Amino acid sequence: MTDEVVNAGVIGVGSMGQNHARVYDELPGTNLVGVFDVDDERASGVAAQYGTTARSMEGLLEAADVVSIAVPTQFHYENAKRALESDVHVLVEKPFVDDPENGSELIDIADDRDLTLQVGHIERFNPVVQTLRDLVEDLDIYAVSTERVGPPIDRAIDDSVVMDLMIHDLDIVLDIVDGDIDSYNAVGTPDCRYANATLRFDTGVTASLTTSRVTQEKVRGLTISAEDCRVKVDYIDQSIEIHRSSVPAHIDDGSLVRHRHENFVETLTVEQKEPLKSELSSFANAAKTDSQPVVDGEQGLRVLKLTKELDEEAKSIPDQKRRVQVDAQ
C-alpha cells in the first residue's frame with residue numbers, strides 16, 4: 001500500500017455497491033482501481049461511469065489494497081474469505097454474514113494476517129451519531145426508543161425488516177448503552193415487513209425498536225429519555241434536539257395561584273456530512289495505518305447474533321396454548 005493513496009475496489013455493484021464505487025472515486029485518499037460483479041454488463045457500465053476497470057475477481061484482488069463487499073448477504077462469507085486470504089483489507093456490508101460461525105472464522109483470518117476487517121454499519125458514521133456519542137457520556141439514561149419506518153420500496157430485498165433495518169438501530173443502541181442485555185422479545189407481521197422489539201439491560205435501561213416497510217411516512221429517528229432531559233435525533237435531517245424542563249413555579253397574581261412549568265429546547269449544531277464518505281475514508285485510513293476500525297468484526301458479530309435472535313422471535317408463531325389462555329381471560 002502506498003503512503004499517499006489507497007487502491008480500492010468494489011465487489012458487487014448493485015445499488016449499494018455503485019455508491020461505494022462513486023465514493024472511492026471521489027475521496028482524495030483512495031484510487032478506484034476496479035470493480036467486479038457477476039453481471040458483466042453491470043460491472044462494465046459502473047466502471048465506465050467512474051473511469052475505472054471491470055475486472056475479474058482475481059484481477060481485482062491483485063490490484064486492490066482494500067475492497068468493499070456489497071453482494072447479497074448469503075455471499076458475504078465466501079467473498080470476504082477470498083479477499084482476506086489474498087491479503088486484501090475488507091469492508092463487508094451489513095449484515096456481517098449469514099452464519100455467526102463464519103463471522104468468527106473471518107475475524108480469525110483477519111487477525112492472523114494482520115488485516116483490517118470492518119463491517120458496514122453506516123449509521124455509525126452519521127454525524128448526528130458521532131455527536132450523540134459525546135452527549136450520552138453525561139446522561140443518566142432511562143430508556144431509548146427508535147423508529148426506522150417507511151413505505152414499500154421498488155427493489156427486491158432478501159433480508160427481513162429486522163435484518164435489513166432494525167440491525168442499524170440495534171448497533172447504535174449497543175454502542176451508546178452500557179451493560180449487557182438481560183432480556184428481550186420481538187413481534188412481527190407474518191410477511192416480515194413490520195416488527196417491534198424490546199430490550200432490557202442489566203443496568204436497568206430499556207430500549208424499544210420499531211421497523212417497517214409498510215408505513216406511509218419515512219422516519220429515521222432515535223429518542224433518549226434521561227434524568228434531566230429528552231434527546232431527539234433525526235438521522236435524515238442530521239439534527240439533534242435536547243428538551244429540558246425548568247423548575248416548576250407557582251405564580252400568585254393576587255386573585256389566582258397558577259402553576260407554570262416551561263420547556264426549553266436546545267438544538268445542537270451538527271456538521272453535515274455524507275455518512276458513506278466518512279465510513280469509507282475511515283476504513284481506508286484504518287487499513288493504511290493498521291489502526292482499529294470503528295466497527296470491527298467483533299462488534300459486527302455481536303449485533304448480528306442479537307439481530308438473528310430477534311428476527312427468529314419476530315417470525316415465530318405464538319404458542320397455541322398461550323393464545324387460548326389469553327383468549328379465555
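**View 1. Threonine 116 and its contacts.** Leaving aside neighbours within four places in sequence, threonine 116 is in contact (heavy atoms within 4.5 Å) with Leu84, His89, Val90, Phe283, Ala286, Ala287, Ser291 and Pro293. You'll find threonine 116 in the loop between α5 (100–112) and β5 (117–120); helices (H or I, at least four residues) and strands (E, at least two) are DSSP runs, numbered from the N terminus. Threonine 116 has a relative accessible area of 5%, so it counts as buried (under 20% relative accessible area, with exposed over 50% and partly exposed in between; 1.4 Å probe, protein chains only). Keep in mind that this is a predicted model, where local features need pLDDT of at least 70, side-chain atom pairs count only at pLDDT 80 or more, and totals for chains, interfaces and linings use all residues. Residues are numbered from 1 along each chain as its sequence is written, and side-chain values use heavy atoms, with hydrogens and water left out.

**View 2. The five-stranded sheet.** Here the strands follow the order β2-β1-β3-β4-β5 in an open sheet with parallel pairing (two strands pair if DSSP finds at least two bridges between them). At the edges sit β2 (30–36) and β5, each pairing on one side only. From one strand to the next, the twist averages 20° (axes are lines fitted to C-alpha atoms, for helices over the stretch in contact, and angles run from 0 to 180 degrees between N-to-C directions). Zoom in on β1 (residues 6–11) and β3 (residues 66–69), and you have a parallel pair with four bridges. Isoleucine 11 stands opposite isoleucine 69 of β3.

**View 3. Strand β10 and its two partners.** Seven of the eight residues of β10 (residues 219–226) are buried, so the strand is largely enclosed by the rest of the structure. β10 pairs antiparallel with β6 (residues 141–149) over eight bridges, and five bridges join β10 to antiparallel β11 (residues 230–234). A three-residue hairpin links β10 to β11. Threonine 223 faces lysine 232 of β11.

View 4. On a 1 Å grid over the protein atoms alone, a cavity is a set of points where a 1.4 Å probe fits but cannot get out, and lining residues have an atom within 4 Å of a point; grid points are joined across faces, edges and corners, and a volume is the space filled by probe spheres set on the points. Among the lining residues are Ser160, Gly188, Cys192, Tyr194 and Asp311. The largest share of the lining, three residues, comes from α9.

Conventions: On a 1 Å grid over the protein atoms alone, a cavity is a set of points where a 1.4 Å probe fits but cannot get out, and a pocket is an open set with protein on both sides within 12 Å along at least five of seven lines; lining residues have an atom within 4 Å of a point.
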